[in-house]
Amino acid sequence: MTVNPARADVRDLAERLVDATRDDDVDSLATLLASLVGRHAPRTELYEPVLAEFVAAVVRSLRQRVGDEGVNDANDTDGADSAERVFTVDLVDAEDNPAAVDEIDPALRAVLRAVLAQLNDDVADARFQLSLVGADPEPLSRLDALWHVLLWSMVLEGPPGGARPDLG
């Protein structure tokens, strides 16, 4: 039996994670995260949908930043429409040196690939990548992946205290 969590539950949990992070409410944040990724987490069925919610928020923010929201931007000086664009990523370490994608934890790498897949309109691959994260047997890897995409969504949305990430 596949459980299909209600969209409202997913959105509520994602918003509570954003609020707890923004408010530096470590106790609430720890409780919310543990409810998703702990060994006996009561809400594990919400992990992948919440992860997908943050991936979608990151993608929306990145598309807004480059003026690629499904239509050809009037300010697009290179003449490429959104169907011709290919999004890629350059990875660097803390010292700004190039880093190999294979050096990244598999769950975090899969989240990054999910973002890129969705940016490049490959929804099936994005879902597949998120399923890899959800299937990772290591709770700390799943936690790290969720934490990173949560932070990415918040950083891309703007300064602390500013707008909430666009969670759908």
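Glu 53 and Arg 7 form a salt bridge in this predicted model, with the closest N and O atoms 2.4 Å apart. A salt bridge here is a side-chain nitrogen of Lys or Arg within 4 Å of a carboxyl oxygen of Asp or Glu. Glu 53 lies in helix α3 (residues 47-66) and Arg 7 in helix α1 (residues 7-22), so the pair ties together parts that are 46 residues apart in sequence. Helices (H or I, at least four residues) and strands (E, at least two) are DSSP runs, numbered from the N terminus. Glu 53 is buried, at 5% relative accessible area. Arg 7 is partly exposed, at 46%. Buried means under 20% relative accessible area, exposed over 50%, and partly exposed in between (1.4 Å probe, protein chains only).

The model is predicted: local features need pLDDT of at least 70, side-chain atom pairs count only at pLDDT 80 or more, and totals for chains, interfaces and linings use all residues. Residues are numbered from 1 along each chain as its sequence is written, and side-chain values use heavy atoms, with hydrogens and water left out.

By the salt-bridge rule, the count is four. Arg 11 meets Glu 15 at 3.9 Å, N to O. Arg 11 is partly exposed at 30% relative accessibility, and Glu 15 is partly exposed at 25%. Arg 16 pairs with Asp 12, and their closest N and O atoms are 3.4 Å apart. Arg 16 is partly exposed, with a relative accessible area of 37%. Asp 12 is also partly exposed, at 37%.

Arg 142 presents another case. The residue sits in helix α6 (residues 139-157). Arg 142 is buried yet has no salt bridge. The nearest side chain of opposite charge is Asp 136, 5.2 Å away. For charge, Lys and Arg count as positive and Asp and Glu as negative; His and the chain ends are not counted. Leaving aside neighbours within four places in sequence, Arg 142 is in contact (heavy atoms within 4.5 Å) with Val 37, Tyr 47, Ala 107, Val 133, Gly 134, Asp 136 and Pro 137.

The chain as a whole has six helices and zero strands. Of its 168 residues, 38% are buried. Among contacts with a separation of 6 or more, 65% join residues 24 or more positions apart.
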